[in-house]
Amino acid sequence: MHTVKSSCHNSLPEQSGLLRLQEHPMVQPRVSAWRSKFVHYSIPVPERQHDLVSKDGRFELGFFNPGSSKNRYLGIWFKNIPVQTVVWVANRLKPINDSSGVLMLNSSGSLVLLSQNSTIVAWSANSTNQASNPIVQLLDSGNLVVRDEKEQNPKNYLWQSFDYPCDTLLPGMKLGWDLRTGQEWRLSAWKSPEDPSPRELTFGIRTQ
């Protein structure tokens, strides 16, 4: 598991993708996880040296353009295979249509993706509880998680991407319903290779 302490990971060396770090002067960037002090990852299209990479090197978080589209999305893909295979997309419904893009973890533990020079929220993920020291980690499973660094149980997540699947079921993900909370897990196909927004074609479990 990598740990970046700022808004995404652990120590800076190994990075490859499209996330350029804009640091708060009081925060030190890290590589596989980040802490909250408003550290921003801005991602210019040609550069990929600051993507978030899982500790085992299998998964990578960064910005990408699907197919021939000029729209940009924040997603997770398999890092070391020739054809980019995206397994999760954050802003499926609201692409970034210019060269801007900043992902930040705020002090309350919420992830926010901004576009248009940080004036428009393209996507956000709110934590279930307040955290005193929130960090973001990309796990070896491909799960992007937010948790409190002081939490003794490392699996007690404030938010996780596995709760919001796209079109790919990875080991450890769920399908179905949580009847207590109303949480539903189901897959939904991309509209096209250039458009990851969800089609009507879905796969899941229905309750009777």
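Contact is taken here to mean heavy atoms within 4.5 Å, and on this basis residues 24 or more positions apart account for 50% of the contacts in the chain with a separation of 6 or more. The structure is a predicted model, in which local features need pLDDT of at least 70 and side-chain atom pairs count only at pLDDT 80 or more, whereas totals for chains, interfaces and linings use all residues. Residues are numbered from 1 along each chain as its sequence is written, and side-chain values use heavy atoms, with hydrogens and water left out.

The chain holds zero helices and 17 strands, where helices (H or I, at least four residues) and strands (E, at least two) are DSSP runs numbered from the N terminus. Of its 208 residues, 50% count as buried, a term that stands for under 20% relative accessible area, with exposed meaning over 50% and partly exposed lying in between (1.4 Å probe, protein chains only).

Strands are treated as paired if DSSP finds at least two bridges between them. Four strands form an open sheet in the order β4-β5-β6-β7, with antiparallel pairing, and the edge strands, each of which pairs on one side only, are β4 (52-53) and β7. Strand β4 is joined by two bridges to β5 (residues 59-64), and the two run antiparallel; within this pair, V53 stands opposite E60 in β5. D51 is placed in the loop between β3 (40-42) and β4, and D51 counts as buried because its relative accessibility is 0%. The C-alpha atoms of D51 and G62, which are eleven residues apart along the chain, are separated by 5.2 Å.

A second pairing involves β8 and β9, which pair in the antiparallel sense over four bridges and form a hairpin with five residues between them, G109 in the turn having a positive phi of about 95°. In strand β9 lies S115, which counts as buried because its relative accessibility is 7%. When neighbours within four places in sequence are left aside, S115 is in contact with I96, S100, I120 and A122.

A nonpolar core is a set of buried Ala, Val, Leu, Ile, Met, Phe, Trp, Tyr and Cys residues joined through side-chain atoms within 4.5 Å. The largest such core has 34 residues, and those with the most contacts inside it are W88, L111, W123 and L144. Two or more residues are given to this core by each of β5, β6 (73-78), β7, β8 (102-105), β9 (111-115), β10, β11 (134-138) and β12 (144-148). With neighbours within four places in sequence left aside, W123 is in contact with W88, A90, N91, L103, L111, V112, L113 and W159.

Grid points are joined across faces, edges and corners, and a volume is the space filled by probe spheres set on the points. The largest pocket contains about 380 Å³ of space, and of the 19 residues that line it, A90, R92, L93, Y164 and P165 are the closest to its centre. The elements giving two or more residues to this lining are β7 (86-89), β10 (120-125) and β17 (195-203), among which β10 gives the most, with four residues. The lining of the largest pocket divides into twelve nonpolar, five polar and two charged residues, where Ala, Val, Leu, Ile, Met, Phe, Trp, Tyr, Cys and Pro count as nonpolar, Asp, Glu, Lys and Arg as charged, and the others, Gly among them, as polar.

The second largest pocket contains about 210 Å³ of space, and of the 14 residues that line it, N143, Y157, Q160, F162 and G172 are the closest to its centre. Its lining divides into seven nonpolar, four polar and three charged residues. A search of the whole structure finds one cavity of 30 Å³ or more. The largest cavity contains about 50 Å³ of space and is lined by I76, V87, W88, G142, S161, F162, P165, T168, L170 and M173, which divide into seven nonpolar, three polar and no charged residues.

Terms used
1 Å grid on protein atoms, 1.4 Å probe; cavity = no way out; pocket = protein on both sides within 12 Å on 5 of 7 lines; lining within 4 Å.
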